[in-house]
Amino acid sequence: MDRNQAEARIKELKQELEYHIERYYNQDNPEISDYEYDKKMQELKKLEQEYPELVSEDSPTQKVGGTAKREAGVLVRHNVPMLSLQDVFSREEVEDFVEEMIQQLDEPEFVVEKKIDGLSMALRYEQGELALALTRGDGITFGEDVTANARVIPDVKKKLKEPVDYLEIRGEVYMKNEDFARVNEVQELNGKKLFANPRNCAAGTLRQLDSKVTKERGLSMFVFNIQQMRGMELSTHTQGYEYLKKNKIPVIEGYRVCRTKEEVWDAICDIGDNRGTLGYDIDGAVVKLNSFADREKLGATSKVPRWAVAYKYPPEEKETTLLDIELSVGRTGRITPTAIFEPVRLCGTSVSRATLHNQDFIDELDIRIGDRIQVYKSGEIIPKVRRVLKEKRPQGAEPYHLPEFCPVCGAKTQREKDTADIRCTSPNCPAQLERHIINFVGRDAMDIKGFGTVYVEELVRLGYLKNVADIYTLQEHREELIEQGIIGKEKNTDKLLDAIEKSKENDASRLLTGFGIPNVGKAAARTILRQFQSIDALMQADSESLQSVNDIGEVSAGCILDFFAKEENRRIIERMKAYGVNMQSKEQPVGNKFENMTFVITGTLPTLGRKEAASMIEAQGGKVSGSVSKKTSMLLAGESAGSKLVKAQELGIRVISEEELLEMLK
């Protein structure tokens, strides 16, 4: 390869790697395997070594952030098991635990503290220096190495002020409510999927492959236990907390030392009463023995320590008045009623809305505007209506019925056969159109970066978008869009238009997902297109051929046939073809070697990435599951296989290597 060829190849590799870096690290949605990515990176490094004058500052090989990235799934053996706690749900159970401890031990002390709603992480310090951070993993044998990400969490100290020979501590990584709100705001602005709650966001962030993303999102940590210590003797949990505080390590706030069951219960109640004032979520209170000697004496079962329990608070309920029932129309035309009530505080947040699901739910509760109702938070996250206080019902309150006409466009509504759903019958309903386009441009479908909800709503309102095909005509209106500032100035507008153009190259399975056909999500779309290979072929399919696809039944097949039978949908598809949108699947046609078989993949494979191996299995009709069970057909195991391998062996499940898998696929 001469210099000109090398320069062209370097440019090509840089573009490819930047694209895959974005998908892998920022979208958690890679298109190629780790192995393929590494091969491209190694090729680029080799060319840059041969032609150092062609190395640029923006090369993926030169970015500092690259050094902070870790390999996914690197497992580390636990020195001390990271067990879960036994849950208790009543005062009686708490008092039984306390009395049992008093009977077995000599005047035991108890520490009562908040149970933070996050995920466990252990930190190991050697001679006062942070050496390793690992997740709970299976809790017994292996955890995942997350050291690079732990180092960017401000609460994780890299160096101890008062070092000891060795220290392992365990804590809870969590996200403050304000940080969670900020992250979801950024997600929404970037057109990405919102996180359901702070705990899920924290879990995903800690396992990010790029520590820069972890740092930007903002994680926090409270330490709640000293797991192991050499070089200093401590006799109690609270002495451990004092040592940790001297080293500026955050420990659980507001813990209380108790000696009687009454004191323990009072402490639990105080935590429960004040949880609404905290800037983070808790999911209970922990009662644990203070003395390390007492803990050692009692030991643990295979799952939980005998010296601690976790009390889970019952769902908080409040009484309020139903002011109104608000109706919204989804992308499929489904009308959803939402209760609007006088605001109440539940689990630390003010709530004034809760879904009423459908007419059947309203009838079952016999809920009427003006009623006094009890509301609660399901899982302390989602507001729900528990019941109507009919004894407090105001005179003249009328039964509520969803309207016969769409609240947005006025078209007639219709109840679907054999369901509780009532839908708008107009395909031109603006509310449906907005949500349909939001789904189409979203991460799981065409993944058009930066096409946020605000832009969709404005472009629909101004008449630029009347259906999803119109997205590919926006380039024709570039000057108008810039002049009106709908998307922003020239740079932002061009960035979005470029993303729209790039989406034309997507695999046809993304397009099928974007159509929003009921019962056809991302996974089903991939499976369908793997068999039919193109949208054109799928449009010609009959019910029998559709049902021959793995996991596609009569209902899903009917939904697909109904969609393609509509002339309007066929016109939209023809327009997108004319605009150059890809209609072909890039995946290999499906075979049936692994039909009705379920695989689990574990460990690091010699050459294949896990996703690549999964795709190969699925391409032959097999399913890939995340956990081993009696239904598992085979376990594909690589290095550091861990607990899944042990369980598979215990259940007598066949274990195969990558080499054996490839041999089966020949």
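Helices (DSSP runs of H or I, at least four residues) and strands (E, at least two) are numbered here from the N terminus.

## Basis of the model

This is a predicted model, in which local features need pLDDT of at least 70 and side-chain atom pairs count only at pLDDT 80 or more, while totals for chains, interfaces and linings use all residues. Residues are numbered from 1 along each chain as its sequence is written, and side-chain values use heavy atoms, with hydrogens and water left out.

## Overall dimensions

The protein contains 24 helices and 22 strands. Its C-alpha trace spans about 85 × 80 × 55 Å along the principal axes. The radius of gyration, taken over C-alpha atoms and compared with a globule rule of 2.2 Å times the number of residues to the power 0.38, is 29 Å; a compact globule of 666 residues would have a value near 26 Å, so the two agree.

Of the 666 residues, 48% are buried, where buried means under 20% relative accessible area, exposed means over 50%, and partly exposed lies in between (1.4 Å probe, protein chains only). The accessible surface comes to about 33100 Å², and carbon and sulfur atoms hold 47% of that surface. These areas come from the Shrake-Rupley method with a 1.4 Å probe; for residues, only the protein chains shown count as cover. Among contacts (heavy atoms within 4.5 Å) with a separation of 6 or more, 67% join residues 24 or more positions apart.

## Helix 8 and strand 8

Helix 8 covers residues 237–246, and its buried residues are His237, Thr238, Gly240, Tyr241, Tyr243 and Leu244. The cover over these residues includes strand 3 (110–116), strand 7 (166–174), strand 8, strand 9 (256–258), strand 10 (282–289) and helix 10 (292–298). Just after helix 8 comes lysine 248, with a positive phi of about 60 degrees.

Strand 8 runs over residues 220–230 and includes serine 220. With a relative accessible area of 5%, serine 220 is buried. Apart from neighbours within four places in sequence, serine 220 contacts Ile153, Asp155, Glu172, Val173, Tyr174 and Lys176.

## Helix 13

Valine 456 sits in helix 13 (residues 453–461) and counts as buried because its relative accessibility is 0%.

A relative accessible area of 27% makes glutamate 458 partly exposed.

## Helix 17 and its surroundings

In helix 17 (522–532), the buried residues are Ala524, Ala525, Ile528, Leu529, Arg530 and Phe532. They pack against helix 16, helix 18 (535–539), helix 19 (543–547), helix 20 and helix 22 (610–618).

Isoleucine 552 belongs to the loop between helix 19 and helix 20. Its relative accessible area is 7%, so isoleucine 552 is buried. Leaving aside neighbours within four places in sequence, isoleucine 552 is in contact with Ala524, Ile528, Leu546, Gln547 and Ala557. Isoleucine 552 and threonine 527 are 25 residues apart in sequence, and their C-alpha atoms are 9.2 Å apart.

## Helices 20 and 21

The axes of helix 20 (residues 554–565) and helix 21 (residues 567–578) come within 5 Å and cross at roughly 75 degrees. The two helices are therefore roughly perpendicular. Axes here are lines fitted to C-alpha atoms, for helices over the stretch in contact, and angles run from 0 to 180 degrees between N-to-C directions; under 35 degrees counts as roughly parallel, over 145 as roughly antiparallel, 65 to 115 as roughly perpendicular and the rest as oblique.

Phe563, Phe564 and Ala565 of helix 20 meet Glu567, Asn569, Arg570 and Ile573 of helix 21. The residues of this contact divide into 4 nonpolar, 1 polar and 2 charged. Ala, Val, Leu, Ile, Met, Phe, Trp, Tyr, Cys and Pro count as nonpolar, Asp, Glu, Lys and Arg as charged, and the others, Gly among them, as polar.

## Positive phi values

Most residues other than glycine have a negative phi. Glutamate 107 has a positive phi near 50 degrees; this residue is in the loop between helix 3 (91–104) and strand 3, and a relative accessible area of 73% makes glutamate 107 exposed.

Asparagine 519 has a positive phi of about 70 degrees and is found in the loop between helix 16 (508–514) and helix 17. Glutamine 533, which follows helix 17, has a positive phi near 75 degrees.
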